[in-house]
Amino acid sequence: MGSLVLEAVLSSVLATLGCLLSAPRRSSGRVRRATPASWPARALFPLVPLALVGAGTLAVADASEVVVAVGVLWVATLPWLGKTSRWGVWAHSAWALAVAAGLSYVGAMLWWTLDSGLSGLTLVGAWLLLGLEAAAFLLLLAYGWEVVDVLGSRRWHRRLAPGTTAVAATRTDLPFVSIHVPVHNEPPDLVLDTLRSLAALDYPAYEVLVVDSNTERDALVAPVADFCAEHPDVFRFHRLLDWPGHKAGALNYALTVTDPQALVVGVVDADHQVDADWLLQTVGAFEDPQVAFVQSPRDYRDWEGSGYLRRLYFSYDYFFSVSQPSRDERDAAVFGGTMGLVRLKALRDVGGWDEGCVTEDAELSLRLLAAGYSGHHLDRSFGRGVLPLTFEALKQQRFRACFGGMQILRRHWRTLLPWSRTPLDRSQRLAHLVGGLQWVGDLLSLVFAAVVVVSLLDVALGDGLVLQRLGGLVLVAVPALILFGLLRAVAVVKVVAQRATWRDALGAFVTWLSLGWVVSAAVVRGLTAPEGVFDRTPRATADTSVSGAVRSNRVELASAVVAGVAVLTAVLVRPGAVTLGLAALLVVPIVGWLAAPASTLAAARADLPPGLRARRDSERARARWGRSGGAGGARGSRASRGSLATAAGVAVVLGVVVLVVSPASQQTPRDSALPGVPRTSVRVQPDPALGDGGSTWAPSTGGAGVAGAAATGTPVPGSTSVGPTSASGATGAAGAASTGAATRVSPSTVSRGGSRTTTPPTSPSATQPSGTTSTSASPPGQTKTVPGATNRPTKTKSASPAPSSAPLATSSSSTLSIPLSISASVSVSLPVSLPVP
C-alpha cells in the first residue's frame, strides 16, 4: 500500500507539472482551438510519468512492488478516457493520476483506521479525522478539475467565441432591453459616469431604470435624478424609501415598472462604465429560446498603478478565466449580476429575484437551470467597475459572497441531489454543489494549520503522539492543500492575459490567503445563521494608521502570533529536521495572516488616480444595504460572532485530536497513522555511571507498519406611495406590463415601502428546506515501544541489575532515527540529536 501511495502522489505531481508547462498562454477573450489527443495516446501516455517515477524509486523500493504499483495506477487511468476526450495527454494524465493518488491515500488511511485497534471515543475521533482528510481530497478534486480542464482543453463544444453572439445594429427585430441600475448611498459622480456610458450605447431599443433604494441623503440623490430628468427618452429614476428586500428588492421593484415591450433585462452596478457595443455583441445569444441568461466577465479599471489593486485584480480574475469557462462547458455557468443579461420571461417564470439571499444573482442562475433553461458565459468583458478601495471593503464583499454560497446550498440542496426530479443533469448538479463547497477550503486550511500547531507543540513539549497518529493528515493533506493553492495561482499566469506576471500570480495567492479567516467565518455563519447579512461593498474609506490595521485584523494577527510562538518554541526546545518540516508547513498560513494588516495599510496608502483618491479619502461612512440603517457596530458584532463561531469550530476539531492522542485513552494504535511508517523502538539499558535510574538510548526499528418577490403595488408617478402588505414574485412580475405603461408618464417616482412582506422564489423542481503510550511490564531485554514519529523518546526506568565489571560508556546525547517513509521498504531516517538530562 505504501509503494502504491508514493508512486501515485509523485507521478500525479509530475503529470501536473507537465500539464502546466505544455499549456500555451492565451490572450483574454480568445478561445483556443486545437486537435485533442487521440484516445490511444491518452490511454498510453500515463505510463510515461509512472515509469519515470518508478525508475526513480527502484533504488529504495522493491522492484516487484514498483511494477505492481505502476500497473494498478495505469489501469486506474483508463476509465477517464471518455471524460477527457477534449484534452491533451498531459491533462488526462494529471487528472487521472491525481484521482488515483487521492483514492489510494484515503484508502490507506481508511485501512489504518479499521486496523488501528482503537475503540470508544478515540475511534470516533479517528473517524472524524478521516472525514477531514476525505473532505480535503474532494476539495482538491473540485479545484483540480477546473484548472486541468482550462489548461488542457484543446476543443470546446459550448464555449462561445467573441463575435458569435453579435447582431447588426440595422436589424429591425432586435429585442428591447431594459437595463436596471440599483443604487444605494453611492457617490453621485460615480453613478453619473455609469449613466453617461449607458447613454452612449450603440443600440436602438433600450431603456435604463435607475432605482435608488433607501438613500436618505438628498444630496446624493438629486444629481442622479436631475440627469435622468434631462434624458427622459432613455432614463427613468425611481427612489424607494424604507423599502425591504435590499438589492434584490430594488431589482424586483424594477420588474414592476419595466417597459411592457422589453424581452431582455440587463443589470449594471452603479460603478461600471459600459462599452458602447455591449448589447450588440451579446443579445444574439437569445435567438436560442432555451438561453435564459448571458454573463460576461466582470472587469475593473484604474488598478495597474497600485500593487494592492494588482494583486486583488488577478485574484478576482481567476473565477472568470478558470472557473466560469469550465462550468460553462457543462452548462453550469453562474449568473454574476452586473454586466449580465437575462430573458425577462424566464426571470418571471421562476419568481423574480430572491430577496432572502445575499447573492441573489448566483441563486437565480441555479433556479433558471433547474427550470430547464440554459445559460452562457462569454470570454470578453464589456464594462469596467471599481475594485474595493480598502481591504476592509474587500473582506466585507468576500464574506457576503461566501455567506450567499452557503445560503444557496441550504436552500437548494434537495435540487442538487442525484435523484431530484429536475432538468438538471449530473454534471450541472455536481458543478453547483462543488462550487458551493469550494468555499469550505479556507476553513479546512485553518483547521489543518491548527493541527500543525498542536503537532509542533507536542513534538517540543510532549511525546510526539500527535505526529505519530496524525502523520498522514499533517504530512500529506496539509502540503497538498498548499500546493493546490499555488497551482491555482500558476493557472492565473497560464490562462489569464499576457499582462499577468509570476509576481501577479503570487500576489493573487497571498490575497486568497489573507482572506482565509473571513471566508471561514462566513462558512460557519452561512451554515448556521437564520438569515442573511446584507452589507453592500463600500467603494471608499481609509485608515492609514498601523493601529487601525491592527484593530481591523486582530483575529488574523492573533493567529499569526500563536503559530509563530509554536514555531519558535519547537525550534528552540527541540531543533531537528522534523521540527523544521512542521514549521515549514506553517509558513504559508502565517504569511497569509500577516498579509491581512499589510493589505489594509497598502490599500489605504495606494497611489490612486485623483478621482478614486477623493472617493477613498472623503467617504468615511460605512453605509449598509440592510434592514437597519448604518449601524457599524452591528456589522462588527456579526464579524465577531462569525470569528468566535469559527474559533469554536476549530476548537472542536482540536478536541477530536485530543480524543485520538490523549494519554488518558490508554490506547495506542498498532501502527503509525501514516501507512507504512515503521514504529520506532527505543531500547533502554541501565547505566551505572549515571547513577540510580540512569540510562542510555539505543534506537531500533520495529516491525513494518501496514499500509422575491417583487412588490405588487405600483406607485403613482411623481408621488410618494406606501408599499403593499403582501406580494409574491409571480404576482409582482405579472403586473409589470400595466405598471410599466403607467410609469412612463414621468421619468421619476418616489416610493415608500411599508409592511410589505416578501416570499422568496422557490425552485421549480424541489421544495426548499426552511495517544496514548501503552505501558506494560518489560521483558528481560528492557525494550519499550514508543510511537515512531517522535523525536522525544520517553524514558522508562528499569530494574537495575547487578553492576557490570565493565561499566557502559556514558554519553551526553543520543541520536534517534525517525522514519518518515510511506512504505516499510522505502524509508528515510532523519537523525535528531537529543540531549540527555
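Here are some friendly notes on this predicted model, point by point.

1. Ground rules. Local features in this predicted model need pLDDT of at least 70, side-chain atom pairs count only at pLDDT 80 or more, and totals for chains, interfaces and linings use all residues. Residues are numbered from 1 along each chain as its sequence is written, and side-chain values use heavy atoms, with hydrogens and water left out.

2. Helix H5. Helices here are DSSP runs of H or I with at least four residues, strands are runs of E with at least two, and both are numbered from the N terminus. H5 covers residues 89–115, and its 27 residues should span 39 Å at 1.5 Å a residue; the expected span is 1.5 Å times one less than the number of residues. The end C-alpha atoms are 38 Å apart, which agrees. Just after H5, Gly117 has a positive phi of about 80°.

3. The S5-S10-S7 sheet. This open sheet has 3 strands in that order, with mixed pairing. Strands S5 (273–274) and S7 (299–300) are at the edges with a single partner strand each, so one side of each lacks a neighbour in the sheet. Two strands count as paired if DSSP finds at least two bridges between them. S5 and S10 (residues 383–385) run antiparallel and are joined by 2 bridges, with Gln273 opposite Arg384.

4. Strand S6. All of this strand is covered: 5 of the 5 residues in 291–295 are buried, so S6 is largely enclosed by the rest of the structure. Buried means under 20% relative accessible area, exposed means over 50%, and partly exposed lies in between (1.4 Å probe, protein chains only). S6 runs parallel to S9 (residues 374–377) over 4 bridges, where Val294 partners His376. With S8 (residues 340–343), S6 pairs in the antiparallel sense over 3 bridges, and Phe293 partners Val342.

5. A nonpolar patch. Leu457, Leu461, Leu568, Leu572 and Val573 make a nonpolar surface patch of about 500 Å². Patch residues have over 30% relative accessible area and no salt bridge, and nonpolar side chains are joined within 5 Å; a salt bridge is a Lys or Arg side-chain nitrogen within 4 Å of an Asp or Glu carboxyl oxygen. Areas come from the Shrake-Rupley method with a 1.4 Å probe. Helices H16 (440–461) and H22 (554–573) each give two or more residues, and H22 has the largest share, 3 residues. Leu568, in H22, is exposed at 55% relative accessibility.

6. Cysteines. Taking a disulfide as a pair of cysteine sulfur atoms within 2.5 Å, the count is 0. Cys357 is buried at 0% relative accessibility, and Cys402 is buried with a relative accessible area of 0%.

Notes: Patches are made of residues with over 30% relative accessible area and no salt bridge: like charges are joined within 9 Å, nonpolar side chains (Val, Leu, Ile, Met, Phe, Trp, Tyr) within 5 Å.
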